[in-house]
Amino acid sequence: MKMKEEGRSKKFVSIIVILGMVIAGVMSMNVIGAGQLPYYDIEQDSLGNYHKAFIDNSTGNYELYYTNDIGGQFPQDWNPPNRITNTTNESLLLDLGIYLPTDTMFIIWKETMLISSPPQGLTYYTISRDYGANWREPNRSYENITLKYADFDPLIEEPEVPSLPDNYAEPYTYYIVQMKTPMIQEWWDGIEDEGGIFCGYIPNNAYIIWATPQIKDQVAQLPFVRWINYYHPAYKIQCGLLNNTGIIEVNVVVVEETGGQANLGTVIAEIEALGGNITYNGSDNYIIRTQIDASRIYDIASIKEVKWIDKYEAKRYFMNYIRQFTGASTLFSNGFRGTGIIGEVCDIGVDHDHPDLDNIVFNDNIPQDDNDEFLEFWYQTNGHGTATTGVIFSNGNLDGDGDSDAMGILPSATAAFACSDIVTRTGSIDQLADWGGVFQSNSWGEGTLDSQYTSNSKEDDQCVLDYDITMVYAAGNSDDGVYKESCSHDSVAKNVIGVGAVYHGDNTERYDDNWNDNGGPGHTPSQGPAADGRFKPDLCGPFDYGYVTDSVDGDWEDGYRPGNYVYKSPDDMLFGGTSLATPVIAGGAGLVYEMYRENHFDNNPTGEYPHASTVKALLIANAYQYDCSGPWWSQAWRHQQGWGMIDVDRVYEIGDNHFIVNEDLPLSEGEWFDYNLYVDSNRPLKISLVWTDPPGEESADKAIVNNLGLMVKDPDDNYYWGNLDLWGDMWSKPYNSNLRIDTVNNVQNVFIENPTNGQWTITVMGWNINEDAYEDTPELDQPFALVATYQHVIPVKLYAGWNLISLPLVQEDPYIFEVLSSIHPYWDAVQYFDASDAEDPWKDYCRWKGGELQYLYHHMGFWILISDISEVNLLVKGREFREIYGDQGYVPVPLYGDAGPWNMVGYPSNINRNGIDALNNLNWLQDIDLIQYFDAQTETWHNMNPYNEEFELGRGYWFHMVQIPSPPIWQVPLDPV
């Protein structure tokens, strides 16, 4: 195997052993003596540590355990084991294996459910991102490949397909490769290292790749690859398309990743050779449209560069537009589609037999009364609940029996359903919590639409406080939308996400969206604020036009139209309103849960779920704001749109450039926390503070209980307070005495359109803590979530001449020109002393001549030459060290003795620190006896005294080593937030 980096191959050594176990052979095991057990898997990682997973049924139940031997002598010194699976007498663990790529570990196993008949084998996995120190909750691993052509487990039986065309595999072709586990970067890199090129994702854990036959054989040998075979022409054709006759018009999707425009040209030429008439050439979207005889469809599919063919039809405005509009389509294409997420729809009823709603579990409240068949029928076929459930959970045609246009936002999630007419708010949430659910969607309300905080509101607030589940409620469809304060009681609860709506105009654009008073009952989205003056709704979704699932059985009266779906057309009833907007927002919340759990933000290596307050803050901080700056030209005022339209694409795109506090610490009365962010002006700075407040009293005039304050200071000492003047503007203004500080909202925001480069300070204050919202401490205190979306940057001052510096952030792209882009054209040359290269330790790069030094990393110290300016700030962009190394507690800086005793190093930490403390694992005068740095402003050298001087961010250092420590790294310590 060829690797890009020396030592990379260690990642794939001893990766997995699968131990087959027959039921009769399972023996009683003693956990204490785990090292001698017959049913276990032992693997060694790249650091020489041993890891073991084993099965214990000594109590008559079957449990999976994990233990390790860190730095010990195998097979001794096993640490106390951790239980991975819950105790159960309903399953047997049949297969067991450990996967070890670097610090990420998988344990994968198979369970046979004894309660099913015949017994059904299910595969599960768990992940550790820190060499086994912490394990995520077990999750199902689905082994079927789900194509429209067929749904199959390739290791059991592949579908029947026509014979391949001659020379289809020569000299290259496209294959489907399936992983044994969910994809991680190490798997991806391993396939790319062999020469494979990724071209698209196929459920489950599978990808289309380009490869030569030789590359295909090499990929098949990778230990994490489960199966690989041709992406067959039969897989590329829309179901039923081959049944057409005569001239038809089809869309032909071309593979973009492996040849771009060249692939388009190849496919167009071959289609024309088959007699096709090209009506659109795909120049901007890689979809060719052609009129051709239907008998030639399979011939087109046999063109290797063709990815998919379907029939072209006139445009209709379906649920898939809403998926694009909210960003859900982008997340789907990047693998986020609700896998492992459980959410609930609470509504009047749902069609139990709809082909697109296969993965539903039911709260135990559906009537089963033989004396009231109509009531039972209504609760099991009602069109409203069928539609709202489908907006989130419809799997469309992923399983081959539905409609892909009606696919929901979380097609791979598990849908729970509760009947709103029977179950209480608390009862439904309690059941959902037992199932491990994380959000609930409610397109209904009770009482007058008057924005009052009532007992219903209070129950909602208590549910979120007790269960930490995101509850989403429709603001309502006002009977007279010209009036403010027309929201439902549930939607104005403090801790829920209240949902308003705008008309989105049947397209994916936003410029023509608006809040609209249509004047008739049910035709106008309700608007806020809450009766006590709070900002409501919180977010908005699309009010109009959803192509959604509808009741299948019964008359038209049981649904919105005859058939399985609600269409948008002049002759059909439509499904829309805040009933549509609410599940759209709830589905977006589910995607945020999935991204957070999968560590998309690089702050959650153990795979925990975020708090409900954090999910709400992430959605608000990333929402698309409509222009609300004027009376008649406003698209939607604040009391109509809330904090904006949901945009999960933006949540995904900003990714690890979020600053996130996930209820880490509570605030007591009078306490405050400061957070310093170094911000770049190239992206707006949006800050959202959210806390789950104890429920208010119905008789009180204000619903708020615990009051926190948000204050933000910019580099010029201007102050911005939470929500200040955001009623009538999209962006915050500096504080002045004419503006009132917000003391009623448990959602507070500061939005800066064009932030000044430099350090911004966010202060969260405990202003008035009246009830305890955090049981882990004896004080009255209130935890909170804080989210900032920004481009992180730290300035490093440079002076004319040579400067010895380092990078105080981890670079996303360490290429020299990218790192130094903010000071172009003032830098002339860069030099680095590579202590690992005894033959040629000096590496350099000249801006106009080039050189061998191509990349600058955070552990390096380096010289940089500045000319044509007396001083300039290098704006260093990237991620904070704690985001990557926080759990480890230190940043490793490699040390070498190959080129002599000197090492030139950076100082990668999040704070300045006393020299002796910063040296950490290095012994002063025993490992290192001299530290030097260069002051470029005065052009003088300094010998550092580590007893009374600090290591400083952005400064580079020379270390004179007496000896190289073991391990050969400087463990630069980090402080927590």
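In which helix does aspartate 460 lie? Aspartate 460 belongs to helix α10, residues 455-467. The model is predicted: local features need pLDDT of at least 70, side-chain atom pairs count only at pLDDT 80 or more, and totals for chains, interfaces and linings use all residues. Residues are numbered from 1 along each chain as its sequence is written, and side-chain values use heavy atoms, with hydrogens and water left out.

View 1. Aspartate 460 is buried, with a relative accessible area of 0% (buried means under 20% relative accessible area, exposed over 50%, partly exposed in between, with a 1.4 Å probe and protein chains only). Leaving aside neighbours within four places in sequence, its contacts (heavy atoms within 4.5 Å) are Arg425, Met471, Tyr473, Asp490, Ala493 and Val496.

**View 2. An open sheet of seven strands.** The strands pair in parallel in the order β20-β21-β19-β22-β23-β25-β27. Strands β20 (360-362) and β27 (539-542) stand at the edges with a single partner strand each, so one side of each has no neighbour in the sheet. Helices (H or I, at least four residues) and strands (E, at least two) are DSSP runs, numbered from the N terminus; two strands pair if DSSP finds at least two bridges between them.

**View 3. The parallel strands β20 and β21.** Three bridges join β20 to β21 (residues 414-419). Phenylalanine 362 has phenylalanine 417 in β21 as its bridge partner.

**View 4. Helix α12, residues 612-621.** In this helix, 10 of the 10 residues are buried, so α12 is largely enclosed by the rest of the structure. Among them are Lys616, Leu618 and Ile620.
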